[in-house]
Each structure stands twice: as C-alpha cells, then as structure tokens.
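Student: I would like to learn how to read a few features of a protein model. Could we start with strand pairing and go on from there?

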Amino acid sequence: MYNSLEEKIAKFKGTEDALVFSTGYMANIGIISAVMNKGDLIISDELNHASIIDACSLSRAGVKVYPHRDVSCIEKILRASKHPKKLIITDGIFSMDGDIAPLPEIVELGERYDAMVMVDDAHATGVLGQHCTGTADYFNVDVDINMGTLSKALASTGGYVAGSDELIDYLRNRARSFIFTTALSPPSVAAAKAAIDIIEKEKPAKKLWQNVALYKKGLTDIGITINSETQIIPVMTGDAKTTMEAAAELERLGIFAQGIRPPTVPEGRGRIRTSLMATHSEQDINDSLDAIRIIKEKFDI
C-alpha cells in the first residue's frame, strides 16, 4: 500500500521515486538534516515555513537567510561561498502571503553555482502548473528535491519527498524522522491516492482558479488591497487585537477564516488568512465578501 502511494506520487511529480513521511513537518526535518551537515551551506528564504527553519538548525550546516524572493541576494551568497555543498530552499507558494517563489531564477543560479535546489510545495501541489503538480510544473523547470504535504489539496495527512532514485534511497536509510516513527494510517494512504486520481482525472484546479478570480475581483471592489498570486489571499488587519476580533466577527457571520498574528507574522502585519477551494460555490464567495465588507467597515481595515 505504501509503495503504491510512493509510486503514484513519483509518477504525478514526474520523478524517479518518492518517499512518504508521517507529516510535512517531519518530511522537512528528515530531508534537510539528512542531506546537509556541518560544513555545508543552506540558503533559505526569510519567509520559509517553520519546519524548514527548524530543519536548518538541526542539520548543523551554515545557514544564510535571504530577503523574501530576493534572487540578487542569493547570487551574492553563492558567489562568496567556498562551501563544497550548497542547498537553496524555498517555499513554492508562501503560506501567509500567497505569492510564488521565483523558481526559474533560483534554478538557474543553482545550476550556475553548483547548488542543489529544494522546493516546499505544500500549498502548490494540486494547484499550480499545467498538470497541477506544483511550482516546478508551473514554471516548467526541474528541482533536485521536491517536497510537499498530503494535507492541503490532497486532503489527507502526511508529507512526501520526490526526486531521483539516489536521493530517495539515501533518505530511506538516513532520514531519522522517517526511520524512527510510526507510518501513516492505511486510510490516510488510501485518501491521498484517491485525491491524486481526482486531481488528474477531474481537474478541479480549473474551478479553483475561476473562484480565485471571482473572489479577488470582489475584494478589489470593496477596497481590499490584494498582493496574492494564488488561492491564499490575506486580508490585512494590522495589530493582533484587531485581527482576532475581526476573525471572531467573521465566525459569528458564518465565515471561518483564521486570524494570523505575531509571532507567525511580524508586528503590525496581522491578517485574516482566507483561502479558496474548488468546491466553493458562487454563493459561498458572495457570502464571504459580504462578511468581509462588514468587518472592513467595523474595524476600519
């Protein structure tokens, strides 16, 4: 059962093999701490997921954090580096802002300076690309390490890494968070396999992007500034108190959207993190927009 899921993920992602972990967090911990060691260099976006940050620390490698999506800074770090092994890590879709990593430029730098590239595709799998397989598909580029979760668009639990036979065989024998933990439950494995089938056969992303366009237009019409490129669309609220009160008001109005406050985001950058699904109806979207209009006026956001 587990082998069949890994084979399905590898085929879906267009890689030689894949390995399934119990969670996405454990996938990042296991991959990064196994691949990178003392004396190596990790180059990481400042807005990467917490699991990447923790994994970088556990690896004992040197870590350079670059300003968000700043490709010129990545190049400066690579140009100055004397490290024999280097890894650039980025989220595909960033979970708090909904923007997309400049992956083609990052891959080009990796090739030029002999650095591996790893993308965390937790929020991009099933969403981006011609085949809905993620950020590399969206930009038509190849990455060395393609990590993701089964708990977002795939609606199950767990995490995975897809890549070369050599990489997966190495991780199967060296990733401690894979070796020393309990495997996924059989229902989670079956659910993930079924979700991939749905993505490939029914192509729900088409409806998702229609919903995104409708929702973004509605937000713009009521005066909400949008910087997102994807289905994750934050409504900026400012301070923590306003954020949580606005989220509570939305819930009273029948809309569940979590308030995000420090330390997850910087001070003064609180937000309501809204996210679209292919299964949302036009009425769902209109109801959400009506509720957001109310909190915008009530809390002056």
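Tutor: Two strands count as paired if DSSP finds at least two bridges between them. Keep in mind that this is a predicted model.

Student: How many bridges join β8 and β10, and in which sense do they pair?

Tutor: There are six bridges between β8 and β10, and the sense is antiparallel.

Student: In which sense does β9 run against β10?

Tutor: β9 and β10 run antiparallel and are joined by three bridges. Here glycine 259 has isoleucine 272 of β10 as its bridge partner.

Student: Which elements do the buried residues of α11 pack against?

Tutor: They pack against β8 (232–238), β9 (258–260), β10 (270–275) and α12 (282–299). The buried residues themselves are Thr242, Thr243, Ala246, Ala247, Glu249 and Leu250. Seen down the axis of α11, these buried residues fall within an arc of 160°, so they line one face of the helix. Lys241, Glu251 and Arg252 are exposed on the other side of α11.

Student: How do I check the length of a helix?

Tutor: Multiply 1.5 Å by one less than the number of residues. Helix α11 (residues 240–252) has 13 residues and should therefore span 18 Å; its end C-alpha atoms are 19 Å apart, which agrees.

Student: What is found at the start of α11, and what follows the helix?

Tutor: At the start, a side-chain oxygen of aspartate 239 comes to within 3.1 Å of the backbone nitrogen of lysine 241. After α11 comes glycine 254, with a positive phi near 90°.

Student: How should I read the two faces of a strand?

Tutor: In a regular strand, side chains alternate between the two faces of the sheet. Take strand β6 (residues 145–149) as the case. Ile145, Met147 and Thr149 point one way, while Asn146 and Gly148 point the other way.

Student: Are the residues of β6 buried or exposed?

Tutor: Five of the five residues in β6 are buried, and the strand is mostly covered.

Student: Which strands are joined to β6?

Tutor: Strand β5 (residues 116–120) runs parallel to β6, with three bridges joining them. In that pairing, methionine 118 stands opposite isoleucine 145. Strand β7 (residues 159–163) runs antiparallel to β6, and the two are joined by four bridges. Asparagine 146 has alanine 162 as its bridge partner in β7.

Student: What does asparagine 146 touch?

Tutor: Leaving out residues up to four places away in sequence, asparagine 146 touches Lys13, Val119, Asp121, Ala136, Tyr160, Val161 and Ala162. With Lys13 there is also a polar contact of 3.4 Å between the side chains. Asparagine 146 counts as buried because its relative accessibility is 6%, and the cut-off for buried is under 20%.

Student: How is a pair of aromatic rings described, and how many aromatic pairs does a search of the whole structure find?

Tutor: The description uses the distance of the centres and the angle of the planes. The search finds two aromatic pairs. In one of them, phenylalanine 21 and phenylalanine 178 are edge-to-face, at 5.8 Å centre to centre and 70° between the planes. Phenylalanine 21 lies in strand β1 (residues 17–21) and phenylalanine 178 in helix α8 (residues 176–179), so the pair ties together parts 157 residues apart in sequence. Phenylalanine 21 is buried, at 2% relative accessible area, whereas phenylalanine 178 is partly exposed, at 25% relative accessibility.

Student: What is the geometry of the pair formed by tyrosine 138 and phenylalanine 139?

Tutor: That pair is edge-to-face, with 4.8 Å centre to centre and 75° between the planes. Tyrosine 138 counts as partly exposed at 44% relative accessibility, and phenylalanine 139 counts as partly exposed at 28%.

Note on methods
Residues are numbered from 1 along each chain as its sequence is written. This is a predicted model: local features need pLDDT of at least 70, side-chain atom pairs count only at pLDDT 80 or more; totals for chains, interfaces and linings use all residues. Side-chain values use heavy atoms; hydrogens and water are left out. Buried means under 20% relative accessible area, exposed over 50%, partly exposed in between (1.4 Å probe, protein chains only). The arc is that of the directions from the helix axis to the C-beta atoms. Contact means heavy atoms within 4.5 Å. A polar contact is a pair of N or O atoms within 3.5 Å; within protein, one must be able to donate a hydrogen and the other to accept it, and residues adjacent in sequence count only if both atoms are side-chain atoms. Rings of Phe, Tyr and Trp (its six-membered ring) pair if their centres lie within 6.5 Å; planes under 30 degrees apart count as stacked, over 60 as edge-to-face and the rest as tilted.
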